[in-house]
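Reader: I am new to protein models and would like a close look at one part. Please keep it brisk.

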Amino acid sequence: MTIYNSSILASDIPEQRLEEMYGDEDYYWYLRSPEFQETFLKPLADCVNNVEGSTLDVCCGEGQLAQFVEGKYCGFDGSRREILKAQRKLAGRDRYRSS
């Protein structure tokens, strides 16, 4: 499993400024909810797992889908902060890289 950060996808606003603007507010709490995982992520992963090949998850955020994907997985996100969360959360599963 590989998770990338691409500054190409990120806005021109420096990450420090974004943190000043938005703080540590968790806008994506629902993605970790059992209801969302059962009704959306697991069925999506079932579809992905039934197709041969690799999975490319664009705007992967914290890598919520990655925990349910069985094959090769590559996640891209424009937020270095979210990539770091994904790397910590999914540590030990294959390899991760942030650029």
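Reader: Which backbone nitrogen lies 3.4 Å from a polar atom of the side chain of D77?

Author: This is a predicted model, where local features need pLDDT of at least 70, side-chain atom pairs count only at pLDDT 80 or more, and totals for chains, interfaces and linings use all residues. Residues are numbered from 1 along each chain as its sequence is written, and side-chain values use heavy atoms, with hydrogens and water left out.

The backbone nitrogen is that of C60. Another one belongs to G61: its backbone nitrogen lies 2.6 Å from a polar atom of the D77 side chain. A polar contact is a pair of N or O atoms within 3.5 Å; within protein, one must be able to donate a hydrogen and the other to accept it, and residues adjacent in sequence count only if both atoms are side-chain atoms.

Now the charge. D77 is buried (under 20% relative accessible area, 1.4 Å probe, protein chains only). Yet D77 has no salt bridge (a side-chain nitrogen of Lys or Arg within 4 Å of a carboxyl oxygen of Asp or Glu). The nearest side chain of opposite charge is K85, 10 Å away. Here Lys and Arg count as positive and Asp and Glu as negative; His and the chain ends are not counted.

Next, the strand. D77 sits in β3, residues 73-77. Strands are DSSP runs (E, at least two residues), numbered from the N terminus. Four of the five residues of β3 are buried, so the strand is largely enclosed by the rest of the structure. Strand β2, residues 55-58, pairs with β3 in the parallel sense, over four bridges. Two strands pair if DSSP finds at least two bridges between them. L56 has C74 of β3 as its bridge partner.

Note on methods: Buried < 20%, exposed > 50% of the residue type's maximum accessible area, 1.4 Å probe, protein only.
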